[in-house]
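I opened my notebook to look up a few things in this structure. Here is what I went through, entry by entry.

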Amino acid sequence: MRILLLASAFNSLSQRLHAELRDRRHTVDVQLAGEDEELLDTVRRLKPDLVLAPMLRTAIPRGLWTRLTCLVVHPGPPGDRGPSSLDRAIQEGRAEWGVTVLQAEAEMDAGPVWAWAPCRLPERGKSDLYRNEVADAAVAAVLLAVERFASGAYPPQPQSGPGWTATVRTRPVLRQEERRIDWTADPTEAVLRRLRAADSRPGVLDELCGGTWYLHGGHREPELRGRPGDLLATRGGAVCRSTVDGAVWIPELRRRNPGGPAGVKLPAVTALGGLLPALPEVAAPLMPEEDDGPVWSDIRYREEGPVGLLRFSFPGGAMSTGQCRRLLAAYRYAVARPTSVLVLGGGRDFFSNGIHLNVIEAAADPAVESWDNITAMDELVDAVLTTTDRLVVAAVGGNAAAGGVMLALAADEVWCRDGSVLNPHYRLMGLYGSEYWTYSLPRRVGAAAAERLTRQALPVSAAAAERIGLVDRVLACGPEEFGRKAAHLAGLLAASPTTQQRIGAKKAAREADERTKPLDAYREEELAVMHRQFFTPESPYHALRSAFVRKRPVATGPAARA
């Protein structure tokens with residue numbers, strides 16, 4: 001079939017459905033929501049069999065849904081209605097939820113149901129859940145709905161009448177008045193639920209250090225204590241704030257600018273800058289003891305026999321200059337340990353999306369910060385590429401893009417969860433790219449496929465990535481199980497009688513490749529292009545980066561057809 005994806009943004013769910021539907025040989029077009037007449041013109045030109053709206057902030061025009069079947073993906077179970085469904089479920093502490101695919105009609109979320117799938121909601125942030133448990137359920141429901149629609153024999157279930165048993169609940173937008181935290185009264189559990197329910201957008205509006213900020217994300221602190229509402233410490237760019245019965249780490253802040261340009265979400269310490277009082281930097285141990293308890297850290301290392309496990313998790317998958325350097329230091333620690341297999345990653349959410357565009361946008365000199373960030377990324381990737389005394393596995397539990405994909409490709413093996421989406425390209429940000437991609441990508445998929453992937457700039461599903469050799473193994477499991485499953489398989493790899501042979505062959509291959517063309521030559525060629533793109537004010541990169549960071553539309557978007 002020909003399916004038109006209609007979305008307010010080509011976000012993670014839109015990308016995953018785009019890739020999954022293409023894998024099933026559907027022709028998929030993408031239209032970003034805008035003027036109704038433009039949308040109707042697109043429909044007349046493309047003549048889709050079906051319109052699918054995976055993420056839409058505006059109503060589908062009546063002139064479209066009355067002429068063509070339009071399916072809306074709603075992040076709630078049947079009967080749940082309203083624009084803040086997932087936010088409310090998380091803030092209320094619900095453990096079970098679902099995703100419904102329903103037909104667009106005049107009343108929002110009230111059309112007939114074509115399919116739905118349940119999902120669990122573990123104690124995670126909204127954006128993490130949206131990209132993982134919710135996305136898994138959405139894919140299952142959408143594929144079933146598309147199959148039912150294609151059959152021409154399935155009658156969707158109206159949300160009324162004798163066959164309808166779910167309770168209908170229509171709830172309004174979750175506004176800041178309901179999200180607000182009372183630091184003098186709310187227990188830690190309630191604070192965390194509010195922070196998790198707003199971790200990506202819109203954030204929780206609050207007063208801090210004499211300013212008004214949106215707080216993004218939250219993690220429990222088991223030991224630090226203070227007067228409720230006070231800032232207690234910093235850790236890796238996050239700030240720790242006391243509650244009435246504990247404390248929480250807040251990784252990111254966004255300044256509220258009434259009437260001004262949209263604020264940029266930044267690491268909390270960076271956002272506060274000179275407003276931040278003198279606080280101790282309370283680092284978590286890189287390799288904690290087993291009895292250290294649930295200490296939050298964005299980088300953590302542990303060992304299971306001959307396997308080293310270096311896990312990292314940065315908000316939004318972005319890696320600033322400082323985060324790259326901290327991860328490089330942790331990587332150097334890990335490769336000094338007596339292991340034969342090192343697993344890089346293994347978390348349930350983003351692996352990496354490369355350089356930190358928000359930090360770059362907010363820098364005094366974005367060109368200089370761009371340069372510092374890309375060179376720090378290159379140093380990290382170089383360390384992985386030149387590790388020749390053990391096997392390195394990149395465990396990609398969530399999505400990865402741009403330099404984050406190239407970081408994974410630097411490893412000897414790449415393992416993905418079956419729900420991962422890869423974007424192995426830089427073009428949509430107006431960049432040539434670095435991170436040794438001109439070495440690693442063709443080495444894996446061949447020169448022709450590398451050119452096609454970087455030119456088309458389309459998302460690739462885990463299954464498609466395995467087919468073309470971009471990844472070596474796809475693990476069919478839920479997001480919570482991925483890390484454990486990857487660690488178990490790494491243990492089997494370490495125990496294999498061929499592993500030492502592979503390590504020897506790897507070292508010989510690296511030396512042969514170095515003689516043919518040194519890694520430094522790839523890096524110098526890539527950075528020569530990147531330097532021009534960073535330091536030329538008219539470069540498209542600057543406008544594209546600013547639009548992306550500030551959520552403004554741009555003329556160039558995702559490919560219209562695949």
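Is C209 buried, exposed or partly exposed? I looked it up in the model, which is predicted. C209 counts as partly exposed, at 27% relative accessibility.

**Cysteines**

I checked for disulfides next. A disulfide is a covalent bond between the sulfur atoms of two cysteines. The count came to 0 disulfides. C209 is in no disulfide, and its nearest cysteine sulfur, that of C240, is 13 Å away. C240 is buried, with a relative accessible area of 0%.

**Aromatic pairs**

I then turned to the rings. A pair of aromatic rings is described by the distance of the centres and the angle of the planes. I found 11 aromatic pairs in the structure. In one of them, W114 and Y154 are 5.9 Å apart centre to centre, with 40 degrees between the planes, and the pair is tilted. W114 lies in strand β7, while Y154 lies in the loop between α6 and β8, so the pair ties together parts that are 40 residues apart in sequence. W114 is buried at 6% relative accessible area. Y154 is partly exposed at 28%. I also saw that W114, F149 and Y154 form one aromatic cluster.

W249 is in strand β14 and W296 is in the loop between α9 and β17, so the pair ties together parts 47 residues apart in sequence. Both W249 and W296 are buried.

**Charges over rings**

I noted K517 over the face of Y522, at 4.2 Å from the ring centre. The charged end of K551 sits over the ring of F548, 5.5 Å from its centre.

**Helix α18**

Which residues of α18 are buried? I listed T499, I503, K506 and R510. Seen down the axis of α18, the buried residues fall within an arc of 55 degrees, so they line one face of the helix. On the other side, Q500, Q501, R515 and T516 are exposed. What covers the buried residues of α18 includes α12, β20, α14, α17 and α19. The helix has 18 residues and reaches 26 Å from its first C-alpha to its last.

**N423**

My last entry is N423, in strand β23. N423 is buried, at 10% relative accessible area. Among the residues N423 touches are Q15, A400, V405 and L458.

Methods
Residues numbered from 1 in each chain as written. Predicted model: local features only at pLDDT ≥ 70, side-chain atom pairs only at ≥ 80, totals over all residues. Heavy atoms only, no water. Helix = DSSP H or I, 4+ residues; strand = E, 2+ residues; numbered from the N terminus. Expected span 1.5 Å × (residues − 1). Buried < 20%, exposed > 50% of the residue type's maximum accessible area, 1.4 Å probe, protein only. Arc of directions from axis to C-beta. Contact = heavy atoms within 4.5 Å. Disulfide = S-S within 2.5 Å. Phe/Tyr/Trp six-rings, centres within 6.5 Å; stacked < 30°, edge-to-face > 60°. Lys NZ or Arg CZ within 6 Å of the ring centre and 35° of its normal. Lists of a residue's contacts leave out its neighbours within four places in sequence.
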